[in-house]
Structure formats: structure tokens, C-alpha cells
Amino acid sequence: MKKKVVLAYSGGLDTTYCALYLSKTLGYEVHAVTVNTGGFTAEEIQTIEQKALSLGIASYRCVDSVVEYYESCVKYLLFGNVLKNNTYPLSVSAERTIQAKVIAEYALEVGAEAICHGSTGAGNDQVRFDVVFNILAPQMEIITPIRDLKLSREEEIDFLKEHGVDMNFEKAKYSINKGLWGTSVGGKETLTSHEYLPEDAFPSQVKKTEQEQHTLLFDNGELVGIDGEIYNHPTKAIKKLEELAAPFGIGRDIHVGDTIIGIKGRVGFEAASALIALKAHHLLEKHTLSKNQLVVKEQLAVMYGNWLHEAMFLDPVMRNIEAFFKNSQTSVSGKVFVTFMPYRFVLNGIESQFDLMSGKFGQYGEMNNAWTGDDVKGFSKILANSLTIYHQTNPGYGK
């Protein structure tokens, strides 16, 4: 009997090559899997399935992992206000790890001897897939034809034509990866250090120019409603927010960062829903959490984002950080009022029963209701005491 291999399949050039190479050259029984983390419509999945089956593979399956993706990862990115290098909401980084996890689990389910992915040897994704496969299915061989054979695009095309594959071989000008938490955009400009992506490179074009006012509702840190409508799951609210905001061109930027393999890289992205939700959530937290909660969360968010980006999602420390994030959200509930405009948005304010900026305690710069002037004099004297001693002992320090 032929050995079974599970192929992470997207329907593009690389994974189409892998499907044929595995079956025709290596003699494997190929089981192709697409993991949908919010980037495919039902029609697109149907097209991918038809393309996969036309290659003569043994089976095709699409696993809808949008809810799992949110529950295991996205909501913690929101709870932590995670932005890689204060810019990127980790749209693709987060997706790849979850996709690899689902593929490894499916390979174990069908009793495969090997797992294959179509990554090249030049990016982060190869590491993300390999690390998860090694952890969850260490007994399986990892096959990566594009990386191992160092194939050029032309070599892949020639191979597919020899086997009678009829597909559009024209390389798209820009590489697009879409998911629930944003869309990455790669092109010739992102290979430079000085060029910005042109307007037409972004999948969502600007169609709205008049300001719009919207109200976001958070419950225990999760986005659950928009403009008075409550959704049965936060993924629905995220999708609705994207639908409302993307036509304004909100959420576009280019991220510059350190790759897992040690080189600098740039990637463009549009993530209207993610950026608005993150900033609105952060504003609500600034009103409802203590000073030290905010400080500790900010430090943990940097580590969580870095480790997720660098394929360490399955490290138990990530579950520890997630537990802290979740526990911190018990009072992060309320409304955030937002104005959408072309290319930007404004957070107007919040409304929450847990708002710590209550007028009964005092109004900053105006009125003190919970202390007296003498209280402040004594407090200030004690606060300054250690430094008063230091500067009297070390006169002239710092001058």
C-alpha cells in the first residue's frame, strides 16, 4: 500500500506542484487539507476543492477553524492589545501556527506517515509549520519540495505543464494572504526599505469618504456588539467591523521586523477591524484597569507577540500569559465611541460601569473630592523623602 501524506493545500502554484510531486514522483497517497482561518469564502473553497481533486489526489478536506482560531489565539491578542513592533497585529503569524496545528492533528487522525507544506526556504512560515509538526507529530516525516529542491517558479510551471495541469500561471503582482485578523500584502515595494505600497496594491479600495459614527460594545474584553446589534460570537462582530471600516482604507501600514531566520523583513497589511478593535479595547482598559495592571499587561503583550511570531505558540508559558490576560478582563466591559474617516479613525470616548475616572473621587486639574490639601502636602513630602536624603548627601548630582 502507498504511504499516506497530508498536504497543507491552498490551491496556489507551490501547493499544486507539491500535490503532483508527492503522488507522481514520490508515489504517496495524497490527502490535501485547507485550513480556513477566515480568508476564504464558500465559493473559493469549492474552487480549491475542485482544483485539488482534478490533480488525482486521494482526498480533499477543508477544515473551518475560524472559531478555534479566535478562541485559541485572536482573543488573547485582543486582550493583550498585541501589536508587533507597535505596528502589526500579527495577522499571518497567528494564522500559520493554528493552521499547522490543525494539519498535524488531521495527519494523526488519518494515520499519515508524512506531512508536506509548500513553504520556501526564505521566510518565517517554514519554521512555523516545521516546529508545530515536530511537536505534535514527531514520528512523521516533513516533506518540503519547494524548499528542499530550491525550485524556481519556472521549474514548477514546467513540471505542471508536463503533467497536463491547466491553471493561470501568471504571477500576481502582489501576494495576498487574507484571514480573520487582517490581510498581508507583499510586493516589489516591500522588498525595499524606502518604497510604500501603491493604492491599488491593497485589496480593499476606498469607497467611503463621509464620516461615520459607530459604537463598539465589549463584554469581558471581547467585542460582542456594534451599533446596538449583539452577535452570537465575537468572530461575527469582527467580520462586521471589517465590513464597515475597510471601505474607508483604515488599517493600512507596512510592518518592519526581525524574522525568525535572522534577517529584517517588510510586509504590507490592511487590518481595519483588528486595529480599531485593539485601540478601542486599549482605551476601555485605560479607563477600567489599575495602573499596575496596565504596566504588567504591556510587558507580557510584547513577549506574547514575539513568541507567537517566532513559532513558540505551544510553549506552556503562552497558556500562563493567556490566563493572566483573561483574568484581567473581568471589568473590561462597556461601549467605545468611534468615528471612521478615510484612512483613519478617532476614538471619541467610552462608557462603562467600571470606569475608574469617576467624578465622585475628583476631577483631574479641577476638584479634589477624596482628599484635602494637607493630605497632598504630607503625601508629597513622604514621596520625596528618599530623594531629598539622596540629594542632600550628594549635592550637585546631575548638574
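What share of the contacts in the chain with a separation of 6 or more comes from residues 24 or more positions apart? The points below begin with that matter and then move to particular residues.

1. In this predicted model, residues 24 or more positions apart account for 71% of the contacts in the chain that have a separation of 6 or more. The secondary structure comes to 12 helices and 16 strands, and the C-alpha atoms fill a box of roughly 90 × 55 × 45 Å when this is taken along the principal axes.

2. Of the 399 residues in the chain, 48% count as buried. The accessible surface of the chain comes to about 20300 Å², and 52% of that area belongs to carbon and sulfur atoms.

3. On the question of charge, the chain carries 39 positive and 48 negative side chains, with the centres of the two sets lying 4 Å apart. Side chains of opposite charge can pair when their charged atoms come close, and a search of the whole structure finds 17 salt bridges.

4. One of these salt bridges is made by the side chains of Lys101 and Glu68, with a distance of 3.1 Å from N to O. This pair links distant parts of the chain, since Lys101 sits in helix α4 (residues 91-110) and Glu68 in helix α3 (residues 66-79), 33 residues apart. Glu68 is partly exposed, its relative accessible area being 31%.

5. A second salt bridge to look at joins the side chains of Arg96 and Asp125, at 2.9 Å from N to O. Here too the pair links distant parts of the chain, with Arg96 in helix α4 and Asp125 in helix α5 (residues 125-136), 29 residues apart. Arg96 has a relative accessibility of 10% and therefore counts as buried, the cut-off being under 20%.

6. Asp125 also meets the side chain of Arg128 in a salt bridge of 3.0 Å, N to O. Because Asp125 and Arg128 are 3 residues apart in helix α5, they are separated by about one helical turn. Arg128 counts as buried, with a relative accessibility of 3%. Salt bridges that share partners join Glu95, Arg96, Asp125 and Arg128 into one network.

7. On the surface, Glu154, Glu155, Asp158 and Glu162 gather in a patch of negative charge. Glu162 belongs to helix α7 (residues 153-162), and this residue is exposed, with a relative accessible area of 65%.

8. Finally, two backbone angles deserve a careful look. Most residues other than glycine have a negative phi. Asn81, although not a glycine, has a positive phi of about 55°, and Leu90, also not a glycine, has a positive phi of about 60°. Asn81 is placed in the loop between α3 and α4, and the place of Leu90 is likewise in the loop between α3 and α4. Asn81 is buried, with a relative accessible area of 16%, and Leu90 counts as buried at 0% relative accessibility.

Notes
Residues numbered from 1 in each chain as written. Predicted model: local features only at pLDDT ≥ 70, side-chain atom pairs only at ≥ 80, totals over all residues. Heavy atoms only, no water. Patch = residues over 30% accessible without salt bridge, like charges linked within 9 Å, V, L, I, M, F, W, Y side chains within 5 Å. Areas by Shrake-Rupley, 256 points an atom, 1.4 Å probe, with all protein chains shown as cover. Salt bridge = Lys/Arg side-chain N within 4 Å of Asp/Glu carboxyl O. Lys, Arg positive; Asp, Glu negative; His and termini not counted. Charge placed at Lys NZ, Arg CZ, Asp CG, Glu CD. Helix = DSSP H or I, 4+ residues; strand = E, 2+ residues; numbered from the N terminus. Buried < 20%, exposed > 50% of the residue type's maximum accessible area, 1.4 Å probe, protein only. Contact = heavy atoms within 4.5 Å.
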